[in-house]
Structures are given as structure tokens and as C-alpha cells.
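Work through the exercises below with the sequence and the 3D view open. Try each task before reading its solution.

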Amino acid sequence: TDSNGTVVTSAIVTVNVTAPSVTLTAPTTGSAVAINAPLTLTATASAVGAATLAKVEFFSGTTLVGTVNTPASGSSNSVTWTPSASGAVSLTAKVTDSNGAAVTSTAVSVTVAASVPTIAITSHANGALIALGTTPTLTASAIASSGATVTRVDFLAGATTVGSVLNPTAGSTYQVSWTPS
């Protein structure tokens with residue numbers, strides 16, 4: 001508006017408003033963790049534009065459990081947390097940039113238990129070559145936590161279940177045959 005009362009509107013200008021990003025990468029949703037055992041929480045955070053990262057905070061529910069100050073953008077940031085109570089826990093990471101913009105990650109739900117089962121693949125070794133058209137036997141050992149029994153062992157190729165042992169008999173070695181495709 002000028003002194004004569006003439007009003008003029010400028011051309012439209014489109015701008016993009018951006019915020020930092022953060023992803024909680026460890027542990028993963030559905031993980032079982034042991035009570036009173038240290039657990040590494042890891043998040044990857046990135047700043048945008050001229051902003052830098054000021055901090056990455058880690059939460060169990062609404063409780064702050066650790067902070068990484070002045071983290072590098074795009075890198076992994078970790079803290080150690082020791083859960084002190086059993087039950088379902090929601091974990092998040094929150095990033096704040098140098099402009100004060102803050103974003104919270106998608107929550108990861110884990111179960112904290114008095115003790116958790118253990119499992120290890122015993123055959124085939126990590127990096128082993130398996131020829132197409134063959135049917136190798138995959139072997140794992142699993143041990144239930146105290147007072148419990150193993151009720152199921154799933155074998156995965158990536159995210160795909162390639163075999164399961166349901167209601168296994170007593171013992172700690174479980175096997176399935178699998179034909180890679």
C-alpha cells in the first residue's frame with residue numbers, strides 16, 4: 001500500500017519449509033530385552049539447509065534416558081540405557097537443530113523381561129555360499145529364559161520365513177531344510 005492508498009499484491013512465491021529428520025534404528029520394534037542389562041539405543045539424524053544438529057535425545061516413554069550433543073548430520077548416534085522395570089516400553093529419539101526445530105522419531109516398541117531367550121544360527125556360517133537348486137539344512141540353537149520352554153523357532157531369509165519348528169521337542173538344536181530360489 002502506498003501513500004495514495006493503492007494496494008498491489010506481488011506474484012506468488014513458493015517456499016519449502018523443512019525440518020530435521022530422525023530414525024531410531026536400534027533396537028527394532030518387537031525386540032525382547034533383559035531387565036537391568038545395558039542396551040544400546042541408536043538413531044540416525046539429519047539436518048537440512050544451513051542448519052546443523054544441536055542434539056539427539058533418547059526417550060523411554062516420556063523419560064529422557066540420554067542425549068548426544070552436537071551430533072554429525074547423517075551419522076549414527078548412540079546412548080546406553082539400562083531398563084529397570086519389565087513390560088512393554090516405547091522408545092523414541094528426538095532431534096533438535098540449530099534453528100530450534102525439533103522432530104521426534106516413530107516409536108519403537110520393545111518388551112523388557114526378567115530374562116530373554118537366546119538363539120544363534122549354528123549352520124551355515126555367516127557369508128557361506130549356498131548353491132541354487134540345493135536344499136541345505138539350516139541349524140540353530142535356542143535356549144529359553146529361566147522357567148520357560150522354546151515354543152517356536154523361525155528361520156528367515158531376509159524378512160521372509162523359510163521354515164519354522166513349532167512346539168519343538170526338548171533340546172536346544174533346531175533344523176529346517178530350505179531350497180533357495
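The exercises concern a predicted model and go from the whole chain to one residue.

**Exercise 1.** Find how many helices and strands the protein has, and decide whether it is a compact globule or more spread out.

*Solution.* Step 1: the count gives zero helices and 14 strands. Step 2: the radius of gyration is 25 Å. Step 3: the globule rule gives 16 Å for 181 residues, and 25 Å is well over this, so the protein is more spread out than a compact globule. Step 4: the C-alpha trace spans about 90 × 45 × 25 Å along its principal axes.

**Exercise 2.** Give the strand order of the open sheet of three strands, and name its edge strands.

*Solution.* Step 1: the order is β1-β3-β6, and the pairing is antiparallel. Step 2: β1 (21-26) and β6 (76-81) each pair on one side only, which makes them the edge strands. Step 3: from one strand to the next, the twist averages 25 degrees. Step 4: five bridges join β1 to β3 (residues 39-46). Step 5: Leu-24 has Ala-43 in β3 as its bridge partner.

**Exercise 3.** Locate Thr-92 and decide whether this residue is buried or exposed.

*Solution.* Step 1: Thr-92 lies in strand β7 (residues 87-97). Step 2: the relative accessibility of Thr-92 is 14%. Step 3: buried means under 20%, so Thr-92 counts as buried. Step 4: leaving aside neighbours within four places in sequence, the contacts of Thr-92 include Leu-24, Phe-58 and Thr-104. Step 5: in the protein, buried residues make up 29% of the 181 residues.

Conventions
Residues numbered from 1 in each chain as written. Predicted model: local features only at pLDDT ≥ 70, side-chain atom pairs only at ≥ 80, totals over all residues. Heavy atoms only, no water. Pairing = 2+ DSSP bridges. Helix = DSSP H or I, 4+ residues; strand = E, 2+ residues; numbered from the N terminus. Axes fitted to C-alpha atoms, helices over the stretch in contact; angles between N-to-C directions. Buried < 20%, exposed > 50% of the residue type's maximum accessible area, 1.4 Å probe, protein only. Contact = heavy atoms within 4.5 Å. Rg over C-alpha atoms; globule rule 2.2 N^0.38 Å.
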